[in-house]
Amino acid sequence: MKSLTFNKRIFFVIGAAFFLLTACKITLLSAYDEVTDKVLSDMQQSTTSFFVQYETTPSAPGLKYENQLPFYQGLKISSRTLRIRNNAIEQNKPMITLLDLLDENITLMDSLHRQKPDGLLAPHDVRLLKSAFETQYTAIFKFILALKTRASAK
């Protein structure tokens, strides 16, 4: 039952991110930031690698929670460092909101993984988490691409 509540929270957070991107008319935006783009690309690649490992070898001992602590710590460090960097950039509220939502989902996934008695995520957890993170990274990259396109048009 706890996993169901967790899954609902993930989809709520993703839905909120999409709502923010589609419902708000944004007229004042920050400039494109290449460092943010690069770090988010690295985070997305790391997350994708994590899910591919789970899809190909779901019960591998290396995927147990205690062995994945560096993965979670790395994502949290990158996410929170980007949050600080983007907070220093003027007119950057949409990106800060997206980064906050990403950090929340990383924390939720970490919590779910930590709670598993055998230390392994279940296949249905992996499918839901993978879908949620892919959707969230796609939304963030669309926003970054729009900033990059706007910057190159000037």
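Me: Against which helices do the buried residues of α3 pack?

Reply: In this predicted model, the buried residues of α3 pack against α2, α4 (93-115) and α5 (123-153). The buried residues of α3 are Tyr65, Gln68, Phe71, Tyr72, Leu75, Lys76, Ser79, Leu82 and Asn86.

Me: What is the span of α3, and what is expected of it?

Reply: Helix α3 covers residues 65-87, which is 23 residues. From its first C-alpha to its last, α3 reaches 31 Å, close to the 33 Å expected at 1.5 Å a residue. The expected value is 1.5 Å times one less than the number of residues.

Me: How many helices and strands does the protein chain have?

Reply: The protein chain has five helices and zero strands. Read from the N terminus, the order is α-α-α-α-α. Of its 154 residues, 40% count as buried.

Me: Why is threonine 36 called buried?

Reply: The term buried requires a relative accessible area under 20%. Threonine 36 has 2%, so threonine 36 is buried. This residue lies in helix α2 (residues 34-56). Apart from neighbours within four places in sequence, threonine 36 is in contact with Leu82, Arg85, Asn86, Met95 and Ile144. Of these, Leu82 and Asn86 belong to the buried residues of α3.

Me: Why is phenylalanine 18 called partly exposed?

Reply: Buried means under 20% and exposed means over 50%, with partly exposed in between. Phenylalanine 18 has a relative accessible area of 32%, and therefore counts as partly exposed. Phenylalanine 18 is part of helix α1 (residues 2-23).

Me: Which residues does phenylalanine 18 touch, not counting residues up to four places away in sequence?

Reply: Phenylalanine 18 touches Thr135 and Ala139. In sequence, phenylalanine 18 and threonine 135 are 117 residues apart, while their C-alpha atoms are 9.2 Å apart in space. For the protein chain, residues 24 or more positions apart account for 84% of the contacts with a separation of 6 or more.

Me: What makes the pair of phenylalanine 50 and phenylalanine 51 edge-to-face?

Reply: A pair of aromatic rings is described by the distance of the centres and the angle of the planes. Rings pair if their centres lie within 6.5 Å, and planes over 60 degrees apart count as edge-to-face. The count comes to nine aromatic pairs. For phenylalanine 50 and phenylalanine 51, the centres are 5.4 Å apart and the planes are at 70°, so this pair is edge-to-face. Phenylalanine 50 is buried at 2% relative accessibility, and phenylalanine 51 is buried at 3%.

Me: How do you know that the pair of phenylalanine 133 and tyrosine 137 is tilted?

Reply: Planes under 30 degrees apart count as stacked, over 60 as edge-to-face, and the rest as tilted. Phenylalanine 133 and tyrosine 137 have 40° between their planes and 6.3 Å centre to centre, and the pair is tilted. These two residues are four residues apart in helix α5, and so are separated by about one helical turn. Phenylalanine 133 counts as buried at 2% relative accessibility, and tyrosine 137 is buried with a relative accessible area of 3%.

Me: Which residues form one aromatic cluster?

Reply: The cluster consists of Phe50, Phe51, Tyr54, Tyr65, Phe71, Tyr72, Phe133, Tyr137 and Phe141. Among them, Tyr65, Phe71 and Tyr72 are buried residues of α3.

Definitions and conventions:
Residues are numbered from 1 along each chain as its sequence is written. This is a predicted model: local features need pLDDT of at least 70, side-chain atom pairs count only at pLDDT 80 or more; totals for chains, interfaces and linings use all residues. Side-chain values use heavy atoms; hydrogens and water are left out. Buried means under 20% relative accessible area, exposed over 50%, partly exposed in between (1.4 Å probe, protein chains only). Contact means heavy atoms within 4.5 Å. Rings of Phe, Tyr and Trp (its six-membered ring) pair if their centres lie within 6.5 Å; planes under 30 degrees apart count as stacked, over 60 as edge-to-face and the rest as tilted.
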